[in-house]
Amino acid sequence: MPHLPPLLAKPVDIAPLWLVERVARMIFSCVLKAHPDLFARLGDYRESRYCFSPSDLQLHFRVVPATQALSVSRGTPPPADAHIEGPIALLLGLLEGRCDADALFFSRDLSVSGDMEAMLALRNTLDDSAIDLPRVIGSFGGPFSPVVTGFARYIRTRVLEGRETAWN
Amino acid sequence: MELICPAGTPAAFREALEAGADAVYCGFRDETNARNFPGLNFSREELRQSIALARRKNVQTFVALNTFMRAGDEALWYSAADDAVALGADALILADFGLMAYVAERYPQQRLHVSVQASASNPDAIRFLVETFNAKRVVLPRVLTVQDIARLTSQIDCEVEIFVFGGLCVMAEGRCSLSSYATGKSPNMNGVCSPASHVRYREEGGSLVSELGAYTINRFGSGEASGYPTLCKGRFDVAGAEGYTFEDPVSLDVIDEIDALRAAGVSALKIEGRQRGRAYVAEVVSVLKKALGATSAERAPLVSRLRTLSEGQRTTSGAYDKRWR
């Protein structure tokens with residue numbers, strides 16, 4: 001299971017919540033800008049509250065697609081309709097459709113609870129969206145955008161090594 | 001032999017094309033097909049674009065309309081068939097005799113495939129569908145041995161397609177009522193086996209407990225590979241003994257039998273998995289494409305990695321290699 005190395009996890013865990021939330025919202029906003037129809041497939045499940053809990057970070061991310069709201073918390077997971085927990089690398093791999101959610105569920109790398117219809121709708125929505133996170137992160141790099149994108153891609157490849165399915 | 005590949009979304013469809021599919025099968029975003037899951041399937045416009053893309057790559061598109069029409073609501077299935085024909089589907093995969101009759105009468109030039117959901121598994125049944133509805137191909141249920149298939153193909157006048165990899169339904173498909181019994185919904189009428197609306201997972205003392213409606217389906221120990229919450233793969237206590245009554249949580253893999261299947265007269269090999277992600281489609285299709293061109297000795301290492309993507313992380317040849325226990 002590709003856990004985040006403590007060297008990377010520790011700074012995130014001790015960073016002020018407002019800072020983590022701000023960065024997460026910036027990335028979320030950038031993804032929505034690049035994919036304005038991202039949540040069209042969700043249908044009625046746009047109203048659902050989704051909680052993502054990276055098992056290698058002491059954080060919970062709650063997203064409500066209908067209002068495009070994202071909040072970050074620590075401690076007990078916030079109330080949500082559907083909840084998914086797993087290593088941050090796999091959660092991001094799922095966000096990009098680079099990992100197969102069912103396979104990660106079978107291998108027990110991911111755990112899910114709550115409204116499974118809402119969870120399934122989100123999984124299928126993201127799977128069709130072709131989000132490219134390194135490109136999104138790279139867009140914050142200004143003149144160094146290609147370098148940042150390339151570095152983010154390198155990290156993604158290393159972290160998902162063996163978990164990412166063979167790409168065409 | 002053709003490789004028939006699944007697509008639940010346009011993204012998965014593109015992956016299947018890139019990975020070497022000879023044909024891609026998909027369905028509309030409603031209860032006219034047996035994979036009617038939230039967020040899955042195609043709008044009319046998405047299908048139009050996908051068919052156009054497939055044509056450019058010389059790949060066929062099959063549209064599954066393989067649930068059974070609900071009395072009084074036939075218009076939903078009829079309009080789906082009308083639209084699939086108008087959009088240029090290369091074949092319609094049908095299970096309901098009424099819908100087959102509608103397509104055969106309205107669109108006699110439209111190629112018609114008999115869905116696995118029709119559960120046509122003997123020469124008489126298949127001959128009837130060929131003679132009555134001009135069916136060109138039958139997708140066989142996963143309950144026959146390779147020898148059964150060889151005997152069958154020699155007695156019928158249509159192409160035979162069989163499942164070779166992916167989710168394993170062990171029942172007479174289209175007839176199974178287990179999901180209906182537990183939830184009131186079935187793949188046959190609603191397009192969903194073990195509908196997500198009735199599925200719950202919970203952690204209990206390190207175990208993963210899966211529930212379907214009012215039934216506990218399984219309790220997977222810590223680290224034990226899990227499976228789908230279907231009654232046919234549930235672990236039950238029967239007469240004091242705990243175990244898998246019908247089938248284990250396991251996926252189908254009969255790639256080893258490719259040569260025997262070819263000799264048996266099979267025309268097309270189908271990959272199950274419209275409900276799976278595009279990453280799964282990309283990997284399974286590309287591996288099986290390679291396996292089709294490989295020698296029997298080369299196949300085993302090629303497909304071994306696919307086991308990690310499978311339900312329960314295990315595979316079986318199922319009924320194709322039936323042994324009594």
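Predicted model: local features only at pLDDT ≥ 70, side-chain atom pairs only at ≥ 80, totals over all residues.
Residues are numbered from 1 along each chain as its sequence is written, chains are lettered from A and ligands numbered from 1 in the order in which they are written, and side-chain values use heavy atoms, with hydrogens and water left out.

Let me begin with the interface. Chain A brings 33 residues to the contact and chain B brings 48 residues, where contact means heavy atoms within 4.5 Å. The size of an interface is often given as the accessible area lost when the parts come together. Here chain A and chain B bury about 3,000 Å² between them, with 50% of it on carbon and sulfur atoms; buried area is the accessible area, taken with a 1.4 Å probe, that two parts lose on being put together, summed over both.

Across this interface there are 15 residue pairs in polar contact, both residues at pLDDT 80 or more. A polar contact is a pair of N or O atoms within 3.5 Å, where within protein one must be able to donate a hydrogen and the other to accept it, and residues adjacent in sequence count only if both atoms are side-chain atoms. On the side of chain A that touches chain B, the elements giving two or more residues are H4, strand E5 (111-114) and helix H5 (116-127) of chain A, and H5(A) gives the most, with seven residues. Helices (H or I, at least four residues) and strands (E, at least two) are DSSP runs, numbered from the N terminus.

Now to the charged pairs. A salt bridge is a side-chain nitrogen of Lys or Arg within 4 Å of a carboxyl oxygen of Asp or Glu, and the count comes to 38 salt bridges over all chains. Three salt bridges are found across the interface of chain A and chain B. Arg41(A) and Glu46(B) meet through their side chains in a salt bridge at 3.1 Å, N to O.

Another salt bridge is formed by Arg276(B) and Asp102(A), at 3.6 Å, N to O. Arg276(B) lies in the loop between strand E14 (268-271) and helix H9 (278-292) of chain B, and Asp102(A) lies in helix H4 of chain A, so the pair joins two chains. Are these two residues buried or exposed? Arg276(B) is buried, with a relative accessible area of 5%, and Asp102(A), at 10% relative accessibility, counts as buried too. Buried means under 20% relative accessible area, exposed over 50% and partly exposed in between, with a 1.4 Å probe and protein chains only.

Within chain B, Arg137(B) and Glu2(B) meet in a salt bridge at 3.1 Å, N to O. Arg137(B) is in strand E6 (residues 137-139) and Glu2(B) is in strand E1 (residues 2-6) of chain B, so the pair ties together parts that are 135 residues apart in sequence. Arg137(B) counts as buried at 1% relative accessibility, whereas Glu2(B) counts as partly exposed at 25%.

Next come the rings. A pair of aromatic rings is described by the distance of the centres and the angle of the planes. Rings of Phe, Tyr and Trp (its six-membered ring) pair if their centres lie within 6.5 Å, and planes under 30 degrees apart count as stacked, over 60 as edge-to-face and the rest as tilted. There are 10 aromatic pairs over all chains by this rule. Phe105(A) and Tyr201(B) form a tilted pair, 4.8 Å centre to centre with 55° between the planes. This pair crosses between chains, from helix H4 (residues 101-106) of chain A to strand E8 (residues 199-204) of chain B, and both Phe105(A) and Tyr201(B) are buried. Ring pairs link Phe105(A), Phe106(A), Tyr201(B) and Tyr228(B) into a cluster.

Finally, the backbone. Most residues other than glycine have a negative phi, and most peptide bonds are trans. Asn58(B), although it is not a glycine, has a positive phi of about 60°. Asn58(B) is found in the loop between helix H2 (44-56) and strand E3 (60-65) of chain B, and is exposed, with a relative accessible area of 73%. Asn134(B) also has a positive phi, near 60°, and is partly exposed, with a relative accessible area of 38%.
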